[in-house]
Amino acid sequence: METVNEQQREAITHFEGPLLVLAGAGSGKTRVITRRLAHLVRERDVAPHQITALTFTNKAAGEMRERVASLMETDRCGAWVSTFHALCLRYLRLEAERVGYRPGFVVYDRADQLATVRMAMEEMEVSTENHPPRQILGRISRAKNALQRPDQFRAAHRDYVGTSVGKVYERYQEKLKASNAMDFDDLIMQTIRLFTEHPDVLERFQRQAWFLMVDEYQDTNHSQYRLIRFLSKRTNNVCVVGDEDQSIFAFRGSDYRNILRFEKDFPGARVIKLERNYRSTGHILEAASSVVSCNQERIGKALYTENPRGDKIRVCRLYTDRDESEWVSGQLAALRRQRELSDAAILYRTNAQSRLLEEALLQRGIPYRIFGALRFYDRKEIKDILAYLRLLANPDDDQNLLRILNVPARGIGKTTVEATRKVALEHHRPLLESLKVVLEMGLVGARAASALQRFTDLIEELRGEVRALPPDALVREVVRRTGYDEFVQKEGPERGRARLENLEQLVTAAAEFGEAGGPGLTEFLDRVALVSDADVSEGDSGVALMTMHTAKGLEFPVVYVVGMEDGLLPHSRSLESPSDLEEERRLLYVAMTRAREQLCLTSVCVRRVFGAETAAEPSRFLDEIPSEVVEEIRPGSSRAYDHDEPVTSSRGKKQALDFQAIMEKGMARRELTYEYDEAPDYSPGARVYHARYGEGKILSREGEGDALKLTVSFSGHRPKKFLARYANLQRA
């Protein structure tokens, strides 16, 4: 107890009755939960099997068990510490027959669920083209989290889409039951049903949760909330730990109002606020607290820290999004001379923002790690459109044709593909040409033949545009004329929007290539291949790149938050809803409080959207940060961006920055060239050094300037082809 503060001590030693622990960012909530559990056993003589602690991830549950066992100086903690789903699975394993399931039921994973939904859709004659199975499964999942049975869902949704989902939901449940299977959402829903219909079972399990603890209470959905109410009803010995200011998962069904109404749900509840922050400097904490205090839907806390005030929050406004990425990468290049790159993180609102950052880091040879997502050019929608482009550039490319032959779905099945492959083998022809032979010979039915004809016509029409259109316009045409934009939107609002944003970035990448003098499609595809195949450290030594949502629960000494503009943060879809706008503000609060020592917020005057330059306004949230904790930065004159200049004039509003001067400086920088400490000799025969492959010899070179490509021979490896500007080659 000597290492805890007074508020933590009060939370740890609280015995009976409902307790709400409002744990501000970095306030040591994990310490409170684990020590409270150990205290109940060691000091209050509570039997471990009468304590249940719930959290959201297996990792968090495992770490909690280990910490408690260590505090109690034993091999295992003895209490029930698990996720919501694991706890319900344990209950149902004991009482499955009470809800109509046989012992030994199976739990379907995501792939099994999707396969079952597809079968249900086929049986109910619901089109998978009009209603993508993933989207249907998402609607079913949300219904179960709201504890809606199929009949209740159908009664509440009588529109065309709702009726279709309701039919599939009903058949999906029938098929699960026939297979003696449940999905993950069933685990909680069936447990609620078990408790509702069998009070004797509820009473038995309530004795195992005589003392109930719940972590991250602000992230609970309706079904989890109901489970907690059931388990705690007998004793009211429930302790929930959370922070309404860090509720950022509404899109997953989380309801921050659960924590706001805790005192109403549990009259007489004690509320303890953990307000001392152990993580961040004074300036960072003051800035973050000032932003989130503008929200209305909160209980409120007055966070403080005994850490040093530290550096002020750096706020930097640049001209374009490419300038932003190059400036941040330049800052990191300077940082690596002082500390480990793993100390730094770059946070952004959407995954699509990672492309320029990845390219800028690769150009400087800075290793990075993508958290919670694939690298930009590894994302499905990017690989699909690139497959179309590669087929247009090279009609003999069988591999890429097979990837997109039925993407989006156009009624070309396995039988047609096998017939085409057989023709290709017999006639020694590429698959695209063999498709025409299949049509001429009438080897497939009328429906498949019609689909094949539309596909071959589409490819021929698009191939006719290759020489006429610049790469960015061609990407747009492929996305539009293949129907890929409509295809991804059918995956649901969140997933579809994210995929469209990534496609916008691909258009932007193509536009930038054209503006840099890139001659055409083949050269653009060469550049993409070289960038996407560039060497990136996947270990623990690189800069962390992730969305703000992914950053929840993590911390770093140095944090860059990029894209601080209205439309990105807050996101454009949140601007019309006060509730959504408050969630965006909470998201920024989470991002800012990931930083321990240094925090930098960047924005731009112009951001590319679908290849077109669009004026960007600074985020309204920047105006909510006190001017006395901010140092505004103007980029230095070198485009290498290794240095910057603090603005010493009085600040006032963020708009007080001289944006015209920034824009003029940005335009001037376009005429500057990149600066290298020591330009390597790229002549054939020259010796160079590569970080991964070691010393090698240049075999040949092709192109000039940014388009310069090198073929290099390394000992023990096949010859490697690099785009010089991204290869980070040095003189040997």
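Trainee: Start with Glu477. Is Glu477 buried or exposed?
Mentor: Buried, with a relative accessible area of 18%. That counts as buried because the cut-off is under 20%. Keep in mind that this is a predicted model.

Trainee: Which residue meets the side chain of Glu477 in a salt bridge?
Mentor: Arg481. The N to O distance is 3.2 Å.

Trainee: Where do Arg481 and Glu477 lie?
Mentor: Both are in helix α22, residues 471-481. They sit four residues apart, about one turn of the helix.

Trainee: And how does Arg481 count for accessibility?
Mentor: Partly exposed, at 26% relative accessibility.

Trainee: What about networks? Which residues do salt bridges with shared partners join?
Mentor: Lys29, Asp215, Glu216, Asp219 and Lys552 form one network.

Trainee: How many salt bridges does a search of the whole structure find?
Mentor: The search gives 51.

Trainee: Give me another pair within a helix. What joins Glu359 and Arg355?
Mentor: A salt bridge between their side chains, 3.1 Å from N to O. Glu359 and Arg355 both belong to helix α16, residues 354-363. The spacing is four residues, about one turn of the helix.

Trainee: Are Glu359 and Arg355 buried or exposed?
Mentor: Both are buried.

Trainee: Now a pair from two helices. Which residue does Arg403 meet in a salt bridge?
Mentor: Asp384, at 2.8 Å, N to O. This pair links distant parts of the chain. Arg403 is in helix α18, residues 398-404, and Asp384 is in helix α17, residues 380-393. They are 19 residues apart.

Trainee: What about burial for that pair? Take Asp384: buried or exposed?
Mentor: Asp384 is buried, since its relative accessible area is 2%. Arg403 counts as partly exposed, at 32% relative accessibility.

Trainee: Switching topic. Where does Val712 lie?
Mentor: In strand β20, residues 709-714.

Trainee: Buried or exposed, Val712?
Mentor: Val712 is buried, because its relative accessibility is 0%.

Trainee: And how far apart are Val712 and Glu695?
Mentor: In sequence, 17 residues. In space, 9.6 Å, C-alpha to C-alpha.

Trainee: Good, that covers my list.

Definitions and conventions:
Residues are numbered from 1 along each chain as its sequence is written. This is a predicted model: local features need pLDDT of at least 70, side-chain atom pairs count only at pLDDT 80 or more; totals for chains, interfaces and linings use all residues. Side-chain values use heavy atoms; hydrogens and water are left out. A salt bridge is a side-chain nitrogen of Lys or Arg within 4 Å of a carboxyl oxygen of Asp or Glu. Buried means under 20% relative accessible area, exposed over 50%, partly exposed in between (1.4 Å probe, protein chains only).
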